[in-house]
Amino acid sequence: MAAGSEYGSLSYFDLIQGNEAMKVNNGLQLFVDMIYGFHMPLFMMLSGAVYMYTRKEISTIKEVGAFILKKAKRLLIPFVLVTIFWQIPLKYISGYFTNGIKDAILGQLLLFGNSHLWFIVVLFIIFVVVAFIEYFDISKISILIAIVCFVAGYFVKGNMTFLSLQYGIWFFFGVLFEKYLRSRIEKGKLFLLKGILAGIVYVVVFFIGKHFIYEGFYQYIYTIITGIVGSLFILYVTLFLEKKQWTLFEKIGNISFDLYLYSDSINYVFLFVVANYFPELYTTGIGVFGAYIMRFFITLFGAIVVGNLVMVIKKWLWRKA
């Protein structure tokens, strides 16, 4: 219930009253922290795996340019449009910005502040690096490059695009996974059991790291272990559900980009409305839990609706063109 930087912030933590409400909030926050321990490494690994699955040879400067242009259209154009016409207006309505347009431009568009869309720009930067790695035919040392950047990323602060240094390693882990491991893993059995075991290991490592080793050099080891084990947990559970012909994950995958683009901004508006018109929700445990559940479903379905609306508008514009 709190997020921000020097270019804008939002926090309703002070609205929580009473021990019961605080305990429920802390429990929910712990659950969120556990997801955040591996969700970005997982997304980056999936991006790397998809790239490797659909990889085409890049051997000329012309092919490098075509590849980068394609990724710019796919990633940078949505970033700019969603930031200007969706994220900034909704964050403004929710009272996020302290210094108005200055915070909006520097914090959201230039990524010096807190913007969930940093992932898109970071992924584009990684794709640019990948294009030149392919062109110069130095893929054999790509993991070494990724590891060096991973370590360097913890010492570089400022613009959020520097996160590309940290997350490049997960992209290349995804490449290795698709290249060497996916087919072997999919031929295996006992996916549910493996998923449960991976989940248990993740929880144990998470709590050990949270209380004992999440500092200094050990932070690197902790981050890598939680990222890998957490991703394995999702992988094995997904494979189990696929064997059961349960298509929910496939359906979510089809709309995942829309969920990522639009959901976070709706979240800020929800918090603003609840805090200003229904603050009593934060005074009881059941109220805090209810607000959390409502927030989840409203942001989820709101993002789906917006994504479908944008698709309708796109089709209409294409017909006009």
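# Working through a predicted model

Me: New to this one. Where is confidence lowest in the chain, and where is it highest?
Reply: This is a predicted model. Confidence is lowest in helix H10, residues 248-254, with a mean of 60. It is highest in H3, at 94.

Me: What does the chain average in pLDDT?
Reply: The average is 87. Of the residues, 93% score at least 70.

Me: How should I read the low parts?
Reply: Where pLDDT is low, the predicted coordinates should not be read in detail.

Me: OK, the inside. How many residues are in the largest nonpolar core?
Reply: That core has 47 residues. Met-44, Trp-118 and Phe-171 have the most contacts inside it.

Me: Which elements give two or more residues to this core?
Reply: They are helix H2 (39-53), helix H3 (61-93), helix H5 (118-135), helix H6 (142-153), H7, helix H11 (256-277) and helix H12 (285-320).

Me: And the largest share of this core, where does that come from?
Reply: From H5, which gives 12 residues.

Me: What does the second core include?
Reply: The second core is separate and has 17 residues. Among them are Tyr-12, Tyr-96, Leu-271 and Ala-275.

Me: Switching to charges. How many salt bridges does the structure hold?
Reply: It holds 3.

Me: Which residue does Arg-55 meet in a salt bridge?
Reply: Glu-134. The N to O distance between the side chains is 2.7 Å.

Me: Which parts does that pair tie together?
Reply: Arg-55 lies in the loop between H2 and H3, while Glu-134 is in helix H5. So the pair ties together parts that are 79 residues apart in sequence.

Me: Is Glu-134 buried or exposed?
Reply: Glu-134 counts as buried because its relative accessible area is 14%, and the cut-off for buried is under 20%. Arg-55 is partly exposed, at 38% relative accessibility.

Me: What else is Glu-134 in contact with, besides Arg-55?
Reply: Leaving aside neighbours within four places in sequence, Glu-134 also contacts Tyr-51 and Ile-58.

Me: Now H7. Which residues are linked in a network of salt bridges?
Reply: Glu-178, Arg-182 and Glu-186. Arg-182 pairs with Glu-178, the closest N and O atoms being 2.7 Å apart. Arg-182 also pairs with Glu-186, at 3.2 Å from N to O.

Me: How far apart are Arg-182 and Glu-178 in helix H7?
Reply: They are 4 residues apart, so about one helical turn separates them. Glu-186 and Arg-182 are likewise 4 residues apart in helix H7, again about one helical turn.

Me: What about the surface? Which residues make the nonpolar patch?
Reply: Leu-190, Leu-192, Leu-193, Ile-196, Leu-197, Ile-200, Val-204, Ile-208 and Phe-212. The patch covers about 880 Å².

Me: Where is Leu-190?
Reply: In the loop between helix H7 (163-186) and helix H8 (191-213). Leu-190 counts as exposed, at 60% relative accessibility.

Me: Last topic, the backbone. What is phi of Leu-111?
Reply: Phi of Leu-111 is near 65°. That is a positive value in a residue other than glycine.

Me: Where is Leu-111 found?
Reply: In the loop between helix H4 (101-109) and H5. Leu-111 is buried, with a relative accessible area of 2%.

Me: And what about phi of Asp-137?
Reply: Asp-137 has a positive phi of about 55°, and it is not a glycine. Its place is the loop between H5 and H6. Asp-137 counts as exposed, at 64% relative accessibility.

Technical notes
Residues numbered from 1 in each chain as written. Predicted model: local features only at pLDDT ≥ 70, side-chain atom pairs only at ≥ 80, totals over all residues. Heavy atoms only, no water. Patch = residues over 30% accessible without salt bridge, like charges linked within 9 Å, V, L, I, M, F, W, Y side chains within 5 Å. Areas by Shrake-Rupley, 256 points an atom, 1.4 Å probe, with all protein chains shown as cover. Salt bridge = Lys/Arg side-chain N within 4 Å of Asp/Glu carboxyl O. Buried < 20%, exposed > 50% of the residue type's maximum accessible area, 1.4 Å probe, protein only. Core = buried A, V, L, I, M, F, W, Y, C linked by side-chain atoms within 4.5 Å. pLDDT = per-residue confidence, 0-100. Contact = heavy atoms within 4.5 Å.
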